[in-house]
Amino acid sequence: MKEESMVKVKEEIDYKSLCRRLDRELDKLTMEYERQQKVFEDDIERLTTEAQHCILEAQQNYSDSLEKERLKYQKDYKESIKRLEEKVMENKKKYEEFCMTSTEEAFVPAEEVVILKKILQRETLLRNAAEGEINHLKNQMAELKMLEASRESDILKLRKMLEDEAHQKEKFKGEIARLQSQLLQLGFEVGKTKQQQQASGNGEKASVAKLFEQGRGLQKILSLLEAEATDARINAVKIVANLSSEETNQKKIVEAGGLTSLLTLLKNSQDETTQRVAASAIANLAMNETNQDLIVAQGGINILSMTAANAEDPQTLRMVAGAIANLCGNDKLQIKLRGEDGIKALLGMVRCRHPDVHIQIARGIANFAKCESKASTQGTQVGRSLLIEDGVLPWIVQNANNEVSLVRRHIELALCHLAQHEANARDMISGGAILELVRISRDCSREDIRILARRTLISSPAFQAEIKRLKIDY
């Protein structure tokens, strides 16, 4: 279940010179990256502040100006209308009086007619002036609306500039994450080179973890597991998976929060590559009993079960099945594995017909059956096997003679372990498992498994009675 990146040396190389050159390049890249990042962040902050200030100032100025102009024109318009209405009412009143006078007096002096004509002309001019003023006000309002539209357009342009700056910032963040990933990969290669140099010089095996103690540290790599850039995240999880394949690094990874980060990544990621590599790292960490308890405590069984249900990639399923198989070897986790659907998840992965997946499923079942057999011998477990209760027995019987040797070997061991508990005998007889046990006792290529199967058949009264009934000679 170890996923490693091996470096093979095919020619003589001056490792000391190579290490010094790579160290210098790494330091130079780091300094240049930090300088560019500082300049970039300062520029982004300055541009963002300036843009926001311009937008706020423009909005405030335009808002105040527009409001003042609107109120002024509205006031002038109302006053003009009021004056016009007053004039109309006054003229109407004079006209009515004139009509009444005309009715009473058939004759109107010429002087009075002239006066009335002048009044009428003056009122007509006033009315025309009022209408002209109204039209002027309407034109001003239209111009004001055009000005407002222009200012809104300017504001939209400023907002677009701000959005473009934000997009550019995100783009730069992704580029920075990618460069960080490349720096870490370069550092990893430097560490491998140093490791080979030390191994060839004094014969001592140098740990890859020393690279991170001398440089940016393991914490830097783990932080990239949350990077937004997919490439940076995948490169970081690959490095963690390579480190987790060495037992000496596993404790440091867990102490630095790597297990929690890997479980979170496996739970939230939709990328198959990320899921596959994260699952492989978890499977490596799950080879340690202490880590197994931590995985379960942090909801690891549920996360692995959900991944098993949703994943389609055979290699992802192989890694998930391998992680669950490692947990199945811990006798303290039997109830948890069943209660949190770990066994159902293991059996559910048989939908993938890839032999590598089936090997890990069979290994998990064998580990679980071995723990149950141990518990039964110690008297801590009574009743039927949880595997039988969860419906695993038919698949076990079906694959007892699987053409893949590793699947067959794990299933043969699982059958022998299940058969050692007398409470399982009835189900194994009715399910046809006894016939497979007889075949294993005769034909298994491994002598130790043949002996175990034969001893199990002999020690079980139920199996002996069934063999006698079927008249089987073994």
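**Salt bridges and a helix**

Guide: E466 and R469 form a salt bridge through their side chains, 2.7 Å from N to O. Keep in mind that this is a predicted model.

Visitor: How far apart are E466 and R469 along helix 21?

Guide: They are three residues apart in helix 21 (residues 461-470), so about one helical turn separates them.

Visitor: Is E466 buried or exposed? And R469?

Guide: E466 is buried, at 13% relative accessible area. R469 is exposed, at 56%.

Visitor: How many salt bridges does the structure hold?

Guide: There are 12. One of them pairs K332 with D293, with the closest N and O atoms 3.6 Å apart. K332 sits in the loop between helix 11 and helix 12, and D293 is in helix 9, so this pair ties together parts 39 residues apart in sequence.

Visitor: Which residues are linked in a network with K332?

Guide: E289 and D293 are linked with K332 in a network of salt bridges. K332 is exposed, with 53% relative accessible area. D293 is partly exposed, at 28%.

Visitor: What does D331 pair with?

Guide: K374, in a salt bridge of 3.7 Å, N to O. K374 lies in helix 14 (residues 355-378) and D331 in the loop between helix 11 and helix 12, so the parts tied together are 43 residues apart in sequence.

Visitor: Back to helix 9. Which of its residues are buried?

Guide: N291, Q292, I295 and V296. Their arc around the axis is only 140 degrees, so they are on the same side of helix 9. The face turned away from that buried side carries the exposed residues T290 and A297.

Visitor: What covers the buried residues?

Guide: The cover includes helix 6, helix 7, helix 8, helix 10, helix 11 and helix 12.

Visitor: What happens at the start of helix 9, and just after it?

Guide: At the start, a side-chain oxygen of N288 comes within 2.8 Å of the backbone nitrogen of T290. Just after the helix, G299 has a positive phi of about 75 degrees.

Visitor: New topic: R233. What is the nearest side chain of opposite charge?

Guide: D271, 5.9 Å away. R233 is in helix 5.

Visitor: Last one, T316. Which side chain does it meet in a polar contact?

Guide: The side chain of D313, at 3.0 Å. T316 is in helix 11 and is buried, with a relative accessible area of 0%.

How values were computed:
Residues are numbered from 1 along each chain as its sequence is written. This is a predicted model: local features need pLDDT of at least 70, side-chain atom pairs count only at pLDDT 80 or more; totals for chains, interfaces and linings use all residues. Side-chain values use heavy atoms; hydrogens and water are left out. Buried means under 20% relative accessible area, exposed over 50%, partly exposed in between (1.4 Å probe, protein chains only). Helices (H or I, at least four residues) and strands (E, at least two) are DSSP runs, numbered from the N terminus. The arc is that of the directions from the helix axis to the C-beta atoms. Contact means heavy atoms within 4.5 Å. A polar contact is a pair of N or O atoms within 3.5 Å; within protein, one must be able to donate a hydrogen and the other to accept it, and residues adjacent in sequence count only if both atoms are side-chain atoms. Lys and Arg count as positive and Asp and Glu as negative; His and the chain ends are not counted. A salt bridge is a side-chain nitrogen of Lys or Arg within 4 Å of a carboxyl oxygen of Asp or Glu.
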